[in-house]
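Student: Could you please take me through this protein chain? I would like to understand how its parts meet.

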Amino acid sequence: MGFLLTDEQREFGRSLDTMLTAADTPAVLRAWAAGDHGPGRALWGRLADAGVFALAVPEAYGGLGPLPVEMAVACVELGRHAVPGPVAETLAAGVLLGGAGGPAAKEWLPRIASGTAVVSLLLEGHGPYALDADAADAVFTVAGDELRLAPGPGPSTVSVDPARRLFRPEQGGEVVAAGPGVGEAARAAGDRAAFATAGLALGCGEELLRATVAYVKQRTQFGVPVGSFQAVKHRLADTLLGLEFARPLLYGAAVELAEGSAGAGAAVAAAKVTAGEAGYAAARTALQSHGAIGYTEELALAWWLRRARPLRDAWGTPSACRARVLAG
């Protein structure tokens, strides 16, 4: 498969990078982890103005999508800057509601596209937790062929990443759609959530590698930068190879999703396991290269370190993704 991003797609990524660099996302992350969602919601609105969430919403509901390639570009940048909030879940909700249709789609999809609604999801087969349900305007749950609007976020549980808060949504709630179409839409939404998470994991790994390369050029031992040591160079090179290998799988999955290919689900699983493992490997390399300072809050790097493993496991653990790839 021959594939290159267009000039417009590359410019879209650069514009997001510029905007997020100016947004001071570490400060936004600290506020989000402390329960102050104001700065995060403000950033969410700016991302919506750039068209990020409209990428998953059909044009009939005021969106631009579905545009999986552009979604991949956006998710890599959002992962690189560790944007807080249920990004993958909100994008997947666009697919879920678009497939289910009905009054719920008419009510929520325009709000998702415009950034006025933050949405979390709980789908059968993807664990008992909804990410950042306390900050969401709606938490949708799917069980069987029923799509429900959860009555509340429910109790929280401890997370490795304090800026990724996990909740068990309250049971019951209003049934907003039902029928065989709901189950089919939920499967598509699960694939889209895994796809978006793969992009976030790749971006997270890229930022960890960038920060580590910069650090080993400055840190010295025996009077020379530690980055000049062969063992360090090899570790960084292996990390780079893992990330670069994941990138074409992510965009290959985007192309298959855009074409509606029968193998799109397996392609998404391949991208998810590869990007997730590469991002986690980047975190391990970053921690080893930074030494004890990597454990502390002194560096903003800690937010990316704590994010890599949850992103690896969210919406498809490595073992589950490998099984899906083998199943075809």
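This is a predicted model: local features need pLDDT of at least 70, side-chain atom pairs count only at pLDDT 80 or more; totals for chains, interfaces and linings use all residues.

Tutor: In it, 12 residue pairs are in polar contact between domain 1 and domain 2, with both residues at pLDDT 80 or more.

Student: Which parts of domain 1 touch domain 2?

Tutor: Helix 2 (25-33), helix 4 (68-80), helix 5 (87-100), strand 1 (119-123) and helix 7 (180-218) each supply at least two residues of that side of domain 1.

Student: And which helix gives the most?

Tutor: Helix 4 does, with 10 residues.

Student: What classes of residue are on that side of domain 1?

Tutor: The side of domain 1 that touches domain 2 has 30 nonpolar residues, together with 6 polar and 5 charged ones.

Student: How many salt bridges are there between the domains?

Tutor: The count between domain 1 and domain 2 is 2. As for individual salt bridges, arginine 80 forms one with glutamate 206, and their closest N and O atoms are 2.7 Å apart.

Student: How many residues are in contact?

Tutor: On the domain 1 side there are 41, and they are in contact with 32 residues of domain 2.

Student: What area is buried between them?

Tutor: About 3,100 Å² is buried between domain 1 and domain 2, and carbon and sulfur atoms give 71% of that area. Pro68, Arg80 and Arg164 supply 18% of the area that domain 1 buries against domain 2, more than any other three residues.

Definitions and conventions
Residues are numbered from 1 along each chain as its sequence is written. Side-chain values use heavy atoms; hydrogens and water are left out. Contact means heavy atoms within 4.5 Å. Buried area is the accessible area (1.4 Å probe) that two parts lose on being put together, summed over both. A salt bridge is a side-chain nitrogen of Lys or Arg within 4 Å of a carboxyl oxygen of Asp or Glu. A polar contact is a pair of N or O atoms within 3.5 Å; within protein, one must be able to donate a hydrogen and the other to accept it, and residues adjacent in sequence count only if both atoms are side-chain atoms. Helices (H or I, at least four residues) and strands (E, at least two) are DSSP runs, numbered from the N terminus. Ala, Val, Leu, Ile, Met, Phe, Trp, Tyr, Cys and Pro count as nonpolar, Asp, Glu, Lys and Arg as charged, and the others, Gly among them, as polar.
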